[in-house]
Amino acid sequence: MQNRLGALFCRRCRAQSSHGELNLPDLDKVDPHFTVLPGDFRRGPLFLHSSLYAVSTDGTLQGISLRDNAAVRTLGRMDPASAFNQSVMVKVLPKGSTQPGWTYVGISPQKVEAISLVTGEGKVLYEVTVGGEIAVNSVSSGTRFRGVAATGHLFLFAERAGADQISLVVCGFSGKLPIERPMTIDGTVVMGPVLSDELVALCSPQAVGIYDLRNKKSVQMQLPSSFEPLLVRKQGGLHLPLGSIPLSAVRGAAGLEAWIGGEEYGIPGFLIAEVELKRWRFERTPREATVSNNLDGTLCVAAEDEIRILGTKKWKSDKVSLQAGMPATVTEEFLLAFEESGRLGRHHLSLSKRGRGTVGSLTFEDPECRGETICGTSVSSSSVGVAYLLPGIDKGLKVAHWDLEQTTQA
């Protein structure tokens, strides 16, 4: 079969933008702003436009605007275990309102919570019954690849269904829809759920399942015994920044596919499970490949000299040296990548526009930003942000950020 681990961007193209389009060749001369959110964090922040939000291990949800150097705001509190799990932000229509507003949704073993970013109002969306347990991380169980996924109407999570099975739970934000459990897979340890193109993927060491929100159908298959899914960050093999999940579902030529990061006979790469046809293949990744999640749920792989979007067609690429262990971020319009700077602690970010090549570059120096601490990046026509954790006594979440609109006006 055709290898669809395709490179997305030509990294050496230096095409100039036409008048009126983003063209920022002198950005490497502009210093970034730095902001620190105080507290102990175990996962990366969620970016929204030119703001970011994160939950610390005491359950405090903090937010800050990166464009006006505003002060850090405390927006509310959640169960402390939510800091160890993947959260999500969605636009939800509040009860009694005609306008949807952004909402932060967090999850813990006992409940799903939401805090409105508009009003600060907190609400418990779902709470387990006696004897029940949501299949996510607790404060003491580390940061496995688990959490909550959501659309503007639904939120989805995994729940234990007996001694050796996991069920996908689908709930409505309005509370008017019945709670559904449309899919159950074998296993006691779970990765996901993740959402991409209205497909929800859930994986265990034994099986993978995909639930299609469009037609409300689910498909599953057992995984080969030779493959071991990557359920937690580990040394060697695939590198995942904090907050990344090596799982995605796509609508492939052969039907629904699940792309699962892991190892086959100790070799790192991705298992492509053609779930409807009950067949699979394995594709290796280059050494020191870094895997991250794009906003649309697709997986991005940065390794050696290429940046790839898993499950897409091939794109022309050229040779360039990427900084090992650092993620790339791809949106509908932009690509942000770390290129090798040649100096320890110095970071060179290349900003490319789809179809036009590099339109600018950004640099900053901080030895605390590295593959083990970086936990999120964001890029848009108005701003760029890089988030990383501060270890040791001075714990916190540090962000290097650039206001592109202010830069171009200057």
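## Basis of the model

A residue is called buried under 20% relative accessible area, exposed over 50% and partly exposed in between (1.4 Å probe, protein chains only). The model is predicted: local features need pLDDT of at least 70 and side-chain atom pairs count only at pLDDT 80 or more, whereas totals for chains, interfaces and linings use all residues. Residues are numbered from 1 along each chain as its sequence is written, and side-chain values use heavy atoms, with hydrogens and water left out.

## Overall architecture

The protein contains 1 helix and 32 strands, taken as DSSP runs numbered from the N terminus (helices H or I, at least four residues; strands E, at least two). Of its 410 residues, 57% are buried.

Among contacts (heavy atoms within 4.5 Å) with a separation of 6 or more, 50% are between residues 24 or more positions apart. The accessible surface is about 18000 Å², with 49% belonging to carbon and sulfur atoms; such areas come from the Shrake-Rupley method with a 1.4 Å probe, and for residues only the protein chains shown count as cover.

Strand β14 spans residues 191-196 and includes P193. The peptide bond between G192 and P193 is cis, with omega about 5°.

D197 belongs to the loop between β14 and β15 (199-203). Although D197 is not a glycine, its phi is positive, about 55°. Because its relative accessibility is 41%, D197 counts as partly exposed.

## The loop between β21 and β22

K278 is located in the loop that lies between β21 (267-274) and β22 (279-284). Its phi is near 60°, a positive value in a residue other than glycine.
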